[in-house]
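Here is a friendly note to read with the model open beside you. Take the points one by one, and find each residue on screen as you go.

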Amino acid sequence: MTALLRIVLDEVCEDVSRYETGARTHVALSISEAATNGDTSPERLRQVGREALHGAPTMWR
């Protein structure tokens with residue numbers, strides 16, 4: 001499961017700088033929470049991640 005979460009995070013955040021730790025953390029927490037609540041399909045986790053990324057804090061706003 002950990003490997004799946006890492007893959008999904010990397011896919012969702014592929015265009016996000018590694019220095020955008022706030023955004024990446026926000027997405028990671030959202031994906032992790034979804035998985036904890038039973039959403040374990042890669043498609044659903046990607047969707048949750050994309051939604052989280054849309055509302056994620058960034059240092060450039």
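Predicted model: local features only at pLDDT ≥ 70, side-chain atom pairs only at ≥ 80, totals over all residues.

1. **Helices H2 and H3.** Helix H2 covers residues 21-36 and helix H3 covers residues 42-54; they pack at an angle of about 145°, with axes 8 Å apart. The crossing of H2 past H3 is right-handed. On the H2 side, the contact is made by His 26, Val 27, Ser 30, Ile 31, Ala 34 and Ala 35, and on the H3 side by Leu 45, Val 48, Gly 49, Ala 52 and Leu 53. Sorted by class, this contact has 8 nonpolar and 3 polar residues, with no charged ones.

2. **Helices H1 and H3.** Now turn to helix H1, residues 2-12, which packs with H3 at an angle of about 45°, their axes being 9 Å apart. The two helices are therefore oblique to each other. H1, too, passes H3 in a right-handed crossing. Leu 4, Leu 5, Val 8, Glu 11 and Val 12 of H1 make the contact with Pro 42, Leu 45, Arg 46, Gly 49, Arg 50 and Leu 53 of H3. Here the classes come to 7 nonpolar, 1 polar and 3 charged residues.

3. **Helices H1 and H2.** What angle do H1 and H2 make where they pack? The value is about 140°, and the axes lie 10 Å apart. That angle makes H1 oblique to H2. Their crossing is right-handed. In H1, look for Leu 5, Val 8, Leu 9, Asp 10 and Val 12; they meet Arg 24, Val 27, Ala 28, Ile 31 and Ala 35 in H2. By class, the contact of H1 with H2 has 8 nonpolar residues, 2 charged ones and no polar ones.

4. **The whole protein.** The protein has 3 helices and 0 strands, and reading along the sequence gives the pattern α-α-α. Its C-alpha atoms fill a box of roughly 35 × 20 × 15 Å along the principal axes. For 61 residues, a compact globule would have a radius of gyration near 10 Å, and the 11 Å of this protein agrees with that. Of the 61 residues, 28% count as buried. Among contacts with a separation of 6 or more, 54% come from residues 24 or more positions apart.

5. **Arg 24.** Setting aside residues up to four places away in sequence, Arg 24 touches Leu 9, Asp 10, Cys 13, Val 16, Ser 17 and Arg 18.

6. **Gly 49.** You will find Gly 49 in helix H3. Gly 49 is buried, with a relative accessible area of 0%. Beyond its neighbours within four places in sequence, Gly 49 is in contact with Val 12, Val 27 and Ile 31. Gly 49 also takes part in the contact of H2 with H3 and in the contact of H1 with H3. From Gly 49 to Arg 24 the sequence separation is 25 residues, while the C-alpha to C-alpha distance is 9.6 Å.

7. **Ser 30.** Which residues does Ser 30 touch, leaving aside its neighbours within four places in sequence? They are Val 48 and Ala 52. Ser 30 itself is found in helix H2, and Val 48 and Ala 52 are listed on the H3 side of the contact between H2 and H3.

8. **Gly 55.** Finally, go to the segment after H3, where Gly 55 lies. Gly 55 is partly exposed, with a relative accessible area of 49%. Gly 55 and Val 27 are 28 residues apart along the chain, and their C-alpha atoms are separated by 9.1 Å. Between Ser 30 and Gly 55, which are 25 residues apart along the chain, the C-alpha separation is 11 Å.

Note on methods: Residues numbered from 1 in each chain as written. Heavy atoms only, no water. Axes fitted to C-alpha atoms, helices over the stretch in contact; angles between N-to-C directions. Helix = DSSP H or I, 4+ residues; strand = E, 2+ residues; numbered from the N terminus. Left-handed = near helix turned anticlockwise from the far one by under 90°. Contact = heavy atoms within 4.5 Å. Nonpolar A, V, L, I, M, F, W, Y, C, P; charged D, E, K, R; others polar. Parallel < 35°, antiparallel > 145°, perpendicular 65-115°, else oblique. Rg over C-alpha atoms; globule rule 2.2 N^0.38 Å. Buried < 20%, exposed > 50% of the residue type's maximum accessible area, 1.4 Å probe, protein only.
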